[in-house]
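Hi,

Here is the structure I promised to pass on. Have a look, and my notes follow below.

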Amino acid sequence: MTTWLYRIVVNTALMRLRAQTRVPEELLDTAGPLFTEEGDHAQEIAEWALPPDQVLLRQEALGRLQQGIERLPDLYRAVYVLAEIESLPYREIAAILDLSVGTVKTRLHRARLFLRAILADYFADEKGAPS
Amino acid sequence: MTAWTWFTGRFRTWRIKLEAQLSRPGQPLRMKHCRHIVKLIMNYLDDTLDAAERRAFEAHIADCRNCWRFLRSYRATIVLGQRLRDEDIPSDVRERLESFLRHRLQRPS
C-alpha cells in the first residue's frame, strides 16, 4: 500500500470514527522494562549479542518484528507503520490520524517498546548464534 | 494522552531538573532514574532534548550498563523496523490494517 493511499484511507476512515472506539491499550502499558520503586531497572537488560549490521541480516528477526507489528492494537499499528515504515513526519501523522503530535510520539514509543521486548526475547534466546 | 498525564509528566521533569540544580548548582543535570531515561530515549534519538537534558541523559547512559544496553537495543529495533521499508508489508498485516480501516469506514458516523 502506498503512502498516499494510507493518507486517503486513514484520513477518511478516522474522520468518521473519532471517539467512537476505544482501542485496548493494556497490552502496551506494560511494554516497557520493569523498574524498582526508586526508578532503576528491576532486571538486568541483556546485551544483544549481534552487532546492528548483523541484526539486519537476520531474516528471522524481521519475521519476529512483523509478527509483533501484527499484534499491536490497531491505532498503534497505524502510527507505527506510518512513522517507522512509511517514514512520515510526526506532524503529518498527527494530522492524518487526528491526534496530537505528543500522542503520536507516545504511541510510537510504546509500540517500539513492545516490539523491542519481543526482539529482546528472541535475541536473548539466540545469544547471537548463527542460524 | 490526557491533560493530566501530560501535566504530571511535565511536572516530574521540572521537579527532577529543579532538584538537580538545587543540589548541584552549576553542575550538569543528573538523571538518576532509569525510568526517566527510558521515557526520554525517543527524544534523545530524535535530537529534541535541550542541551542540559542531553548532557544529563548521556551522563547517565555512560554510567549505567542497563540503560546503555537498553538504548542500543531500542535503536536496533528502530533500524530493524526501518528495514521493513525495503520489504513488502506482510500481506496479513496489510490485510488486517485495511480491514480495520474498512470496518471503520463502514460505521455510521
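First, a definition: rings of Phe, Tyr and Trp (its six-membered ring) pair if their centres lie within 6.5 Å, and planes under 30 degrees apart count as stacked, over 60 as edge-to-face and the rest as tilted. With that rule, there are two aromatic pairs over all chains. One of them is B:Tyr44 with B:Phe57, a stacked pair at 4.2 Å centre to centre and 15° between the planes. This pair joins distant parts of chain B, 13 residues apart: B:Tyr44 is in helix α2 (residues 34-46) and B:Phe57 in helix α3 (residues 51-63). Helices here are DSSP runs (H or I, at least four residues), numbered from the N terminus. Both B:Tyr44 and B:Phe57 are buried, meaning under 20% relative accessible area (1.4 Å probe, protein chains only).

Before you read on, this is a predicted model: local features need pLDDT of at least 70, side-chain atom pairs count only at pLDDT 80 or more, and totals for chains, interfaces and linings use all residues. Residues are numbered from 1 along each chain as its sequence is written, chains are lettered from A and ligands numbered from 1 in the order in which they are written, and side-chain values use heavy atoms, with hydrogens and water left out.

For B:Cys34, the nearest cysteine sulfur belongs to B:Cys67, 3.7 Å away. B:Cys34 is buried, at 4% relative accessible area.

Cheers

Definitions and conventions
Disulfide = S-S within 2.5 Å. Buried < 20%, exposed > 50% of the residue type's maximum accessible area, 1.4 Å probe, protein only. Helix = DSSP H or I, 4+ residues; strand = E, 2+ residues; numbered from the N terminus.
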